[in-house]
Amino acid sequence: MNNAKTKVPVIDKMILLLDYLSTRNVATFTEIHNALSLPKSSLSLMLSSLVTHRLVKFEKNKYYLGLKMYEYGSAAIQNFNVKSVAHTLLSDLVNQLNLTCHLGVLDGDSPIYLDKIESNQLISIKSVVGKKLSLHSSGLGKALISQLSDEELDRLLPEENLEIFTPMTIPTKTALKKELQEIRKTGYAFDREEGDLGIFCIAMPIFDGHHDIIAGVSVTGVTFQMPETRHEEIIHQLREACQKISRKLYE
């Protein structure tokens, strides 16, 4: 959650609350109070105001993010130029590989999906636009942070031990730094069932005119759809797509 402090504490508390609901999807008043340790009276007033403004929905004694948040998110995504530039090229990539593709950016300390194009495979990948990902267990996350210095990475991931999602998850920051060195050499990142068992991903960054990473593209499927014999083909097509997106952004 976002623990940043500003000169407007009520805004800080509201963002903390919205961040909590975005990770939990649904919560009772007691769960929110226990998690955030906000005074009950101010929390009640804040929730009531957010419900009035449709930022939060209250139903059956539980709180959810409201549709107004979706409206804001949709507007922000539409205004993000890389999505409009990349969409057609991602569609071409999906047609070439018959695998699901995602476009993502680093939003604060989390990768987030800006776009998703499904393949016509019968098995679908459970992901949605706007979903936040782990930095260390997703191919997209690792691609997006691959150029960061050790100091920048330490700021994003202050703890040495990392959250474990599957037996394949990178367990420590030291191991992650070693993998990022390899990603810088090869230009691509793997998610080898590190975030979800059975899901495999190959991702690459998109660069701006100064060769700084501004976004990333991932190709995702279940493990049997992406055997090692296909990796060379996927990497080649993915690299071409990312290079085309980079060029089109600055035409």
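Let's start with glutamate 182, which sits in helix α8, residues 173-186. Helices here are DSSP runs of H or I with at least four residues, strands are runs of E with at least two, and both are numbered from the N terminus.

A quick word on what you are looking at. This is a predicted model, where local features need pLDDT of at least 70, side-chain atom pairs count only at pLDDT 80 or more, and totals for chains, interfaces and linings use all residues. Residues are numbered from 1 along each chain as its sequence is written, and side-chain values use heavy atoms, with hydrogens and water left out.

Now let's step back to the whole chain. Its secondary structure comes to nine helices and eight strands. The radius of gyration is 19 Å, close to the 18 Å that the globule rule gives for 251 residues, so the chain is as compact as a globular protein of that length. That radius is taken over C-alpha atoms, and the rule is 2.2 Å times the number of residues to the power 0.38. Along the principal axes, the C-alpha atoms fill a box of roughly 60 × 40 × 35 Å. Buried residues make up 42% of the 251. If you take contacts between residues at least 6 apart in sequence, 52% of them join residues at least 24 apart; contact means heavy atoms within 4.5 Å.

Next, a residue in a loop. Serine 146 lies between α6 (139-144) and α7 (150-156). Which residues does serine 146 touch, not counting residues up to four places away in sequence? They are Leu180, Ile183, Arg184 and Ile213. Serine 146 is buried, with a relative accessible area of 5%.

Compare that with glutamate 31, over in helix α2, residues 29-36. Glutamate 31 counts as partly exposed, at 32% relative accessibility. Leaving aside neighbours within four places in sequence, glutamate 31 is in contact with Tyr20, Arg24 and Val26.

On to the strands, which pair if DSSP finds at least two bridges between them. Two bridges join β3 to β1 (residues 26-27), and the two run antiparallel. In that pairing, alanine 27 stands opposite tyrosine 63. Strand β2, residues 56-59, also runs antiparallel to β3, with four bridges. There, valine 56 has leucine 65 as its bridge partner. The hairpin of β2 and β3 has two residues between the strands, and lysine 60 takes a positive phi near 55 degrees.

Finally, a second hairpin. How many bridges join β6 (residues 189-192) to β7 (residues 199-207)? Four, and these strands run antiparallel. Phenylalanine 190 stands opposite isoleucine 202 in β7. This hairpin has six residues between the strands, and here glutamate 193 takes a positive phi near 60 degrees. One tip for tracing side chains: in a regular strand they alternate between the two faces of the sheet. Thanks, everyone!

Notes:
Buried means under 20% relative accessible area, exposed over 50%, partly exposed in between (1.4 Å probe, protein chains only).
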